[in-house]
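Thanks, everyone. I will go through one model this morning, region by region. Please have the display open.

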Amino acid sequence: MKTISHIQENKESLREGFFGKFGGQFVPDVLKPILKELEEAYRDIVPTKEFQDEFAYYLRHYAGRPSPLYFAERLTEYCGGAKIYLKREDLNHTGAHKINHTIGEALLAKKMGKKKLIAETGAGQHGVATATVAARFGFECDIYMGAVDVKKQAPNVLRMKLLGANVVEVKDGAATLKEAVDAALNAFINEHKDVFYALGSAVGPHPYPSMVRDFQKIVGIEAEKQILEHEGRLPDYLIACVGGGSNAIGLFHNFLKYPEVKIIGVEPLGKSEKLGEHAATLTFGEEGIMHGFNSIMLKDEEGNPAPVHSIASGLDYPSVGPEHAYLKEIGRAEYVTASDKEAIEALKTLSEIEGIIPALESSHAIAYAIKFAKTLPKDRVIIVNLSGRGDKDLDTIFEITGLTV
Ligand SMILES: *Cc1c(COP(=O)(O)O)cnc(C)c1O
């Protein structure tokens with residue numbers, strides 16, 4: 001049994017894995033030495049010049065970085081307020097920001113002498129990003145996916161199989177993401193000698209939130225250089241959607257040192273403010289531990305992770321990366337919401353007036369940016385993280401909008 005005193009002691013001894021009171025490593029004893037090996041590799045290998053040079057090489061030549069920072073001139077005119085720039089993570093290989101951290105994870109796994117990458121996936125986006133780097137770097141690959149999701153996400157299952165991954169159908173319980181995480185964690189414990197567990201966002205026990213952030217922070221580093229070229233000054237606002245929080249922390253992190261840059265994360269309000277109909281964790285949640293870390297989470301009456309909903313399958317997670325919980329607590333970042341309906345409207349608007357079909361996840365950030373830009377003077381500058389492209393969402397969009405061919 002985990003007691004309060006055990007948790008206190010753990011917090012004390014792991015302060016470097018914390019963001020204020022959030023983060024940490026609340027895991028069963030069998031996982032501790034396994035995570036220790038990863039922590040040491042993250043600490044000793046990732047900062048070396050050799051690793052960083054290799055990482056930069058693959059980001060440039062394989063993922064296609066730097067991604068453009070594009071001035072959305074027609075969207076800006078349409079809003080009639082602040083200038084809107086889009087950081088085009090949708091143009092990366094595989095169509096989203098996730099490739100940034102999976103390349104980092106694969107390179108680290110190689111240096112650690114691992115033979116296999118494993119990952120959990122819900123909608124399949126992280127599964128595809130992991131299967132992609134497994135193919136490129138010559139790893140075996142097991143992707144754990146709930147049987148219900150396998151049925152719903154046939155194109156992504158096919159992509160993973162084409163990329164040579166083994167898709168492990170998890171049939172326990174509700175057979176969705178939570179069961180997939182449990183199965184992947186079990187495999188991690190059983191096969192840890194040869195296996196690297198590639199987590200899909202800036203969540204999980206230490207060192208994952210810091211490590212995934214460090215692999216994603218290139219987004220904000222590039223954006224600073226690019227906005228200085230465009231505007232000769234820093235932006236006034238950064239806006240990104242928040243699921244687990246990896247694309248958002250990727251854009252935000254490099255700008256935390258500039259207090260004049262305001263930071264806004266956008267959570268999914270889903271269908272309504274009712275528990276079970278949204279996934280706006282920081283907006284409605286309370287402090288709690290799940291999946292090995294302390295953060296803000298949405299709880300049901302028994303204190304377990306609550307059911308969540310968002311039209312964007314990448315955003316429906318009942319907790320959030322601990323660094324975001326901390327940035328909210330200290331007032332450095334603000335977190336707002338956009339509903340399913342607003343996200344779909346934003347997707348249509350950006351498609352029609354900029355010729356860019358955004359992912360439903362990213363459409364939450366676009367929705368808030370449109371609303372917000374209208375309230376600002378024309379000399380203000382906003383950067384929105386366009387975390388991914390919308391091709392993967394066509395089925396959902398067909399269903400919702402009633403559009404037919
Ligand atoms: C997975 C995903 C997200 C949500 O994950 P974060 O870790 O919050 O970034 C957002 N946008 C796209 C396109 C995704 O695929």
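I start with a histidine. The side chain of His278 reaches the backbone nitrogen of Ala280 at 3.0 Å. A polar contact here is a pair of N or O atoms within 3.5 Å; within protein, one must be able to donate a hydrogen and the other to accept it, and residues adjacent in sequence count only if both atoms are side-chain atoms.

Before going on, the ground rules. This is a predicted model, in which local features need pLDDT of at least 70 and side-chain atom pairs count only at pLDDT 80 or more, while totals for chains, interfaces and linings use all residues. Residues are numbered from 1 along each chain as its sequence is written, and side-chain values use heavy atoms, with hydrogens and water left out.

Back to His278, which is found in the loop between strand 10 (262-270) and helix 13 (281-284). Helices (H or I, at least four residues) and strands (E, at least two) are DSSP runs, numbered from the N terminus. His278 is buried, at a relative accessible area of 2%; buried means under 20%, exposed over 50%, and partly exposed in between, with a 1.4 Å probe and protein chains only. Beyond its neighbours within four places in sequence, His278 is in contact (heavy atoms within 4.5 Å) with residues including Pro268, Phe284, Leu298 and His309.

Next, another loop residue. Ile311 sits between strand 12 (293-297) and helix 14 (322-329). Ile311 is buried too, with a relative accessible area of 14%. With neighbours within four places in sequence set aside, the contacts of Ile311 are Asp340, Ile344, Leu360, His364, Thr396 and Ile400. Ile311 and Ile397 are 86 residues apart along the chain, and their C-alpha atoms are separated by 9.6 Å.

Four strands form an open sheet in the order 7-6-5-8, with parallel pairing; two strands pair if DSSP finds at least two bridges between them. Which strands stand at the edges? They are strand 7 (166-170) and strand 8 (195-197), each with a single partner strand, so one side of each is left without a neighbour in the sheet. From one strand to the next, the twist averages 25 degrees. Strand 5 (residues 116-121) is joined to strand 8 by 3 bridges, and Ile118 stands opposite Tyr197 in strand 8. Helix 6 (residues 125-137) lies across strand 5 and strand 6 (140-146), and runs at about 170 degrees to strand 5. For these angles, axes are lines fitted to C-alpha atoms, for helices over the stretch in contact, and angles run from 0 to 180 degrees between N-to-C directions.

On to the ligand. Of the 16 residues around the ligand, Lys98, Ser201, Gly245, Ser246 and Ser387 come nearest; a residue counts as near if one of its heavy atoms lies within 4 Å. An N or O atom in the Lys98 side chain is 2.6 Å from a ligand oxygen, and a polar side-chain atom of Ser201 lies 2.6 Å from an oxygen atom of the ligand. For Gly244, a backbone N or O atom lies 3.1 Å from a ligand oxygen.

Last, the cysteines. How many disulfides does a search of the whole structure find? The search finds 0, taking a disulfide as a pair of cysteine sulfur atoms within 2.5 Å. For Cys241, the nearest cysteine sulfur, that of Cys79, is 18 Å away. Cys241 is buried at a relative accessible area of 1%, and Cys141 is buried at 5%.
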